Amino acid sequence: MVYVFPSGTLAAVMFVTIVVGMTAALLAWRERPEPGAVPLAAMLAGQVWWSVFFVFELRADSLAAKVFYSDIQWVGVVVIPVAWFLFALEYTGRNRYVQPKYIALLLVVPAITVVLALTDNYHELLYVNSTITTEGSIQVLQRTGGPWYWVIAGYTYLLGLFGSIPLLGLVRSDALPFRGQSLGLLVGTMAPWASNALFLAGAVPVPGLDPTPVFFTVSGVAYLGAITRFRLLGTSPSANHRARRLVFERMREGAVVIDRHDYVVDMNEEATAVLSVSSREALGRPAAEVIPNYDRLPEEGRASRHLAEGEGIHKRQFDANVTAVTDFHGRSLGRVISFHDVSDHLRRQQRLEVLNRVLRHNIRTETNLIYGHADLADNGDTERISAVKEGALRIESISDKARDAIDVFEHGRNPKTPIQATAVVAEAVDAVRTRYPDVEYDIDIDVDGARVSPVLTAVYENVIENAAEHNTAADPHVAVSAVATDGHVRVRVRDNGPGIEAHEQAVLERGTETALDHGSGLGLWLIAWGTDMADGELTIVEADGDGTEVTVTVPDLAADAEVATASATADD
């Protein structure tokens with residue numbers, strides 16, 4: 001039994017199809033500055049064209065009229081796959097080939113098809129024959145396809161497949177709008193194409209009646225939903241594809257992509273500079289011929305060596321890092337090898353080592369000589385001799401501060417196991433008490449079990465020393481309290497001295513010094529740098545009455561220390 005749509009029902013369905021398609025096309029055209037808007041509008045216009053002349057074909061009462069409207073439909077038919085393919089490229093950011101010359105190539109087969117349709121009376125390339133059959137109340141045009149008919153059919157489905165592939169990748173997107181958009185687009189495309197495939201296979205209820213225009217109703221509704229509900233042309237993933245490529249090309253690190261067979265398949269500009277090879281020379285070659293000591297790189301993780309380029313003081317050195325590339329099933333696809341330039345870091349380290357040597361040995365030796373010669377001088381000018389001695393001691397003190405700063409930097413560069421906060425604070429108090437015994441100290445330490453970064457050894461000592469050294473009160477005293485609470489260790493040092501001068505604090509808050517606006521020494525900078533390296537917070541306020549209150553708040557690293565100890569035990 002063959003079911004046939006009543007002519008009135010089919011006309012109503014086609015009317016809805018045309019109205020929905022025109023609405024969606026107008027909405028897409030209105031958004032034409034957006035990526036994909038123009039191709040989408042063209043595709044919807046093609047569907048509307050096909051639907052309108054399909055209705056005319058159904059209503060025609062002669063073979064010649066039906067053939068004419070059938071041939072005219074091809075204008076819309078051939079636009080749909082080309083527009084769909086171009087839309088998919090623009091929408092997903094793959095618009096490299098959306099250029100006039102490539103579009104012209106895509107339109108060659110459709111243009112030939114339209115010409116063959118309009119000259120159908122003179123050949124049998126598109127159709128071999130055409131007849132009218134009656135199915136219920138409908139007169140249906142039945143046509144037998146010629147050789148070109150199957151060429152355009154294959155071309156149409158090929159473009160449809162290639163256009164759908166980029167959209168399938170968005171179905172798994174983390175962004176809900178992109179998932180909704182891509183699903184709406186795929187449903188809108190698959191419905192009419194599936195019906196057309198059934199027609200070509202002869203599996204439709206009415207032989208000879210192509211139901212594709214009927215299913216444009218589903219297509220139009222799906223596209224309308226994607227445009228309105230999921231902001232198809234308002235939120236677009238078009239930037240993603242190009243942005244990822246730009247990040248790779250313009251990243252400051254050199255990056256080389258190696259396939260699973262150890263051949264170079266891609267590299268950015270920085271990598272060509274690092275390896276002193278052009279991409280044209282490197283691509284397609286074995287990685288061992290392009291990357292020095294490639295066989296020594298690990299399968300994944302950080303390499304234990306540096307890659308060096310050049311000689312002498314201008315030599316550039318790089319850390320090599322390897323990242324595995326896998327598919328969704330965890331199967332290896334290759335590796336990305338990145339080269340991070342550590343030349344500046346190593347040069348700074350070398351400079352610090354030289355400065356450390358100068359400060360630890362040379363300056364101390366010279367100040368000791370100055371102090372010793374001043375002691376031996378006997379010219380009766382005791383005042384000048386005392387000034388020389390005090391100057392030498394100040395130079396030595398600055399040298400000590402500089403060495404402490406270098407130690408802080410060294411701790412920050414090579415972090416060590418967290419240490420007991422109680423011991424750190426107590427040792428800092430004892431060291432300062434020895435140097436300034438005339439100051440009264442009020443100590444309250446309650447940080448049992450807490451641990452802090454070793455970098456704070458110099459920080460705590462300098463905070464307490466500043467409070468004692470610069471305290472000019474008649475009865476100088478320094479209060480030191482340390483508590484552990486809420487996962488933090490808070491050490492507060494309060495004195496009754498003259499306070500820290502405003503310009504010193506201003507320089508510290510600004511973070512930079514100038515020739516005319518600078519601090520008087522390294523102590524405050526050392527405290528600030530060390531606190532920052534320990535991921536802490538430094539606050540300096542005027543105490544109630546006279547003096548200053550300095551608070552150093554840092555994370556309690558007790559949990560990290562337990563993990564490190566457990567790991568070391570397991571390794572043993």
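The legends below describe close-up views of a predicted model. Residues are numbered from 1 along each chain as its sequence is written, and side-chain values use heavy atoms, with hydrogens and water left out. Because the model is predicted, local features need pLDDT of at least 70 and side-chain atom pairs count only at pLDDT 80 or more, while totals for chains, interfaces and linings use all residues.

**View 1. Helices H2 and H4 are roughly antiparallel to each other.** Helices (DSSP runs of H or I, at least four residues) are numbered from the N terminus. The axes of H2 and helix H4 (residues 74-91) come within 8 Å and cross at roughly 160 degrees; axes are lines fitted to C-alpha atoms over the stretch in contact, with angles from 0 to 180 degrees between N-to-C directions. Angles over 145 degrees count as roughly antiparallel. The crossing of H2 past H4 is left-handed, that is, the near helix is turned anticlockwise from the far one by less than a right angle. Residues in contact (heavy atoms within 4.5 Å) include Trp49 and Trp50 of H2 and Trp84 and Phe87 of H4.

**View 2. Tryptophan 50 and phenylalanine 216 form an aromatic pair.** The structure holds 13 aromatic pairs, defined for rings of Phe, Tyr and Trp (its six-membered ring) with centres within 6.5 Å; planes over 60 degrees apart count as edge-to-face, under 30 as stacked and the rest as tilted. This pair is edge-to-face, at 5.4 Å centre to centre and 75 degrees between the planes. Tryptophan 50 lies in helix H2 (residues 37-59) and phenylalanine 216 in helix H9 (residues 212-228), so the pair ties together parts that are 166 residues apart in sequence. Tryptophan 50 is buried at 10% relative accessibility, and phenylalanine 216 is buried at 3%; buried means under 20% relative accessible area, exposed over 50% and partly exposed in between (1.4 Å probe, protein chains only).

**View 3. Phenylalanine 56 and tyrosine 69 form a tilted aromatic pair.** Their ring centres are 5.4 Å apart, with 55 degrees between the planes. Phenylalanine 56 belongs to helix H2 and tyrosine 69 to helix H3 (residues 63-72). Phenylalanine 56 is partly exposed at 37%, as is tyrosine 69 at 24%.

**View 4. Aspartate 266 is buried in strand S4.** Strand S4 (a DSSP run of E, at least two residues) spans residues 264-267. The relative accessible area of aspartate 266 is 17%. Beyond its neighbours within four places in sequence, aspartate 266 is in contact with residues including Arg245, Phe248 and Leu283.

Terms used:
Angles under 35 degrees count as roughly parallel, over 145 as roughly antiparallel, 65 to 115 as roughly perpendicular and the rest as oblique.
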